[in-house]
Amino acid sequence: MKATEVTSRARKGAAWALVIAGIAFPLQYFRLGLLGRIDPALLGSFSLLLVCLNAIYTFFFPGGRNIFPTYFPKITDESKRGGLIAGFTYLTLAGALAGIAIVAAWPNLLDVALQETVDDTTRTLVLFLIPFALLGTLATSAVMSAMSFVWASLMLRTQMICVTGVALFLYLTPSVGVRENGVVWIAGAIVLAAALNMCIAGAILLARFPLRFKPYFPTGCFRFSALTYLDTVMMFCYLYMDRYFIAHYYDLAQVGIYVAMFEVARVIPLAVQQLGHLLLTTFSKLIGDGRFDALNAGYRQVTRLTIAVYAILAISIIALSQPIMSVFGPDFVEQHRYLIWLAVVMNVDSLRTINGMTLMAFEKMGGVMTSKFLQVGIQFAVTFVLIQKWGVAGVIAGTAAGYVVSAATLIFVTARVRPNEPLKPPPVYWLAQLIVLATALTCDRFLDRGLLASIGIILVAWSAVWFAGRYRVDDIRAVLPWSRAKSAGGPK
C-alpha cells in the first residue's frame, strides 16, 4: 500500500471514526445521568466497576493494548500476520487464566476494588468478565490494526450501548430489588459487549488473514512489550487512583459526583483518544515504508486540528458548567466549579495522544514511560498533601500538577526523536492554554452570569482560538469524510 493510500485511508478512517463517536457521544452521558439520578452511590459503584475492568486490561493484557497495533501494520507477510494474531491470542488466554487464578485465590481483592462487600453473583460475573474483556480488547485492537477503522470504531462502542440499555432499564424498573443489584446487571452487559466484539472480529479477520496456530513474534517484541506494560500500569494509576482517594476519605456518593464531572471533562480528550490506535497504525505504516516526509506533514496537520478541538470543547464546558451539571441533579450543580478546573487540566494535555502514539510508532517507549512515571509521582504526592485540607479541590490540584509535568516531558522527548526535523507543537498550543485559562478565571469569577453571558464568552473565546491558530475553512473541509470521496474511493 502506497504512502498516499495509507494516509488517505487513515484520514477517511479518522473522519468516520469521529462521526461514529459523535453519534454515540450522548449515550455515555445519558448513562451517567440515569445512574446519577437513580442514586449517586450507584454511579460511584459503577465507576469503581469500570476501574476494576481497566485493572484487568492493565495487569493481564499482554504488553498493554497498544503493543499489537505497533507491530501488526509493519508486517507485510500475510502468514506472519496470522501468526501474530495467534501468538497474542495465546498470551491473552494466559493472562486471563492468571487473572482468574488471582481473583479466586484472593477473593477479598474484589471487596477492596469495589469498596464494598461483594456477593457471590457479582464475584462469578467478574470471573467471567476477565477472559471476555481481554479477548474482546484483543479483537478490537486486531481489527483496528488491520485498518478496518469503521468496524473498529463501532466495536469500541458496543459496551457503551449495552451498558446504557441496562442503565435505562434500571431507571425505569419499579423493582427496588433489581436496582439494588444494579452492578450485577451492568457487569453482565459488559460481558455481552465483549462477546459481540469477539464474534465481529472473528468474522472480519478470518475473511482477510489465513488461520494460523503457530505463533509469530517480531524481533524485539517482548522487550518493547515490557516497556508498554509498565506504561499502561502508570496510566492506570494516574487515571483511576484519584477515585480511591475520594472513596477512602469520603464515600461512594462523593465518588459518583466527582466521576460525573471528570467524565464530562473527559469529553475534551475523548475524540482524539478514539483515534489513538488509528494514529499508531498509520504512523507505524509510514515509518515501515520510510515515508518520514508524509509522517512529518501528518503530525503537523493533526496537532493543529487537535489543539483546536481541545480548546473549543474546553471553552464550551467551562462556560456551560452549571447547565451541564444540572442534568445530573442538584447535588452535582452545587459543586460545578470543579468541572471548570477539570476542563482546564484536560486542555493542558491536548498533545498526549499524538505524542504518545508517535513515540510508540518509533518504538521509543522510554520517553512515554518516563512521562507517566513523573506524572504518577507528582500527582500522588500533591493529592496526598492537599486532599485532607482542600478535599476534591486537592485531588484536582494533584491531577493538574501531574498533567503539566507529563505534557512537558512528552513535548520534549517527541521533539528529539528526529533531531534534524523536530516534531514540535505549533505556537497555537501555547496560545490556546492562555485562552482557556483566561476563560476559566472569568467564569469562576462570575458564577451567576446567565446563559446569554455564557454564550457570549464562548463566542469570544472561540474566535480568539481561531485567529490565534490562523485556521481556515479548508482545515475543516480537509477532514470531512465526504470531502475527498471521489479521489479516495469513498470511506473504507
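**A salt bridge and its surroundings**

The side chains of Glu-263 and Arg-243 come together in a salt bridge, with 3.2 Å from N to O; the term stands for a side-chain nitrogen of Lys or Arg within 4 Å of a carboxyl oxygen of Asp or Glu. Glu-263 belongs to helix α12 (residues 252–265) and Arg-243 to helix α11 (residues 221–249), so the pair ties together parts that are 20 residues apart in sequence. Helices here (H or I, at least four residues) are DSSP runs, numbered from the N terminus.

Before going further, please keep in mind that this is a predicted model, in which local features need pLDDT of at least 70 and side-chain atom pairs count only at pLDDT 80 or more, while totals for chains, interfaces and linings use all residues. Residues are numbered from 1 along each chain as its sequence is written, and side-chain values use heavy atoms, with hydrogens and water left out.

As a general point, side chains of opposite charge can pair when their charged atoms come close. In this pair, Glu-263 has 8% relative accessibility and therefore counts as buried, and Arg-243, with a relative accessible area of 2%, is buried as well. Buried means under 20% relative accessible area, exposed means over 50%, and partly exposed lies in between (1.4 Å probe, protein chains only).

Glu-263 also has a salt bridge with the side chain of Arg-266, at 3.8 Å from N to O, and both Arg-266 and Glu-263 are buried. Elsewhere, Asp-444 forms a salt bridge with Arg-337, where the closest N and O atoms are 2.9 Å apart. Asp-444 lies in helix α22 (residues 427–445) and Arg-337 in helix α18 (residues 337–348), so this pair ties together parts that are 107 residues apart in sequence. In total, the structure holds 4 salt bridges.

Ser-47, which has its place in helix α2 (residues 40–60), touches Arg-243, Val-255 and Val-259, not counting residues up to four places away in sequence; contact means heavy atoms within 4.5 Å. With 2% relative accessibility, Ser-47 counts as buried.

Methods. Helix = DSSP H or I, 4+ residues; strand = E, 2+ residues; numbered from the N terminus.
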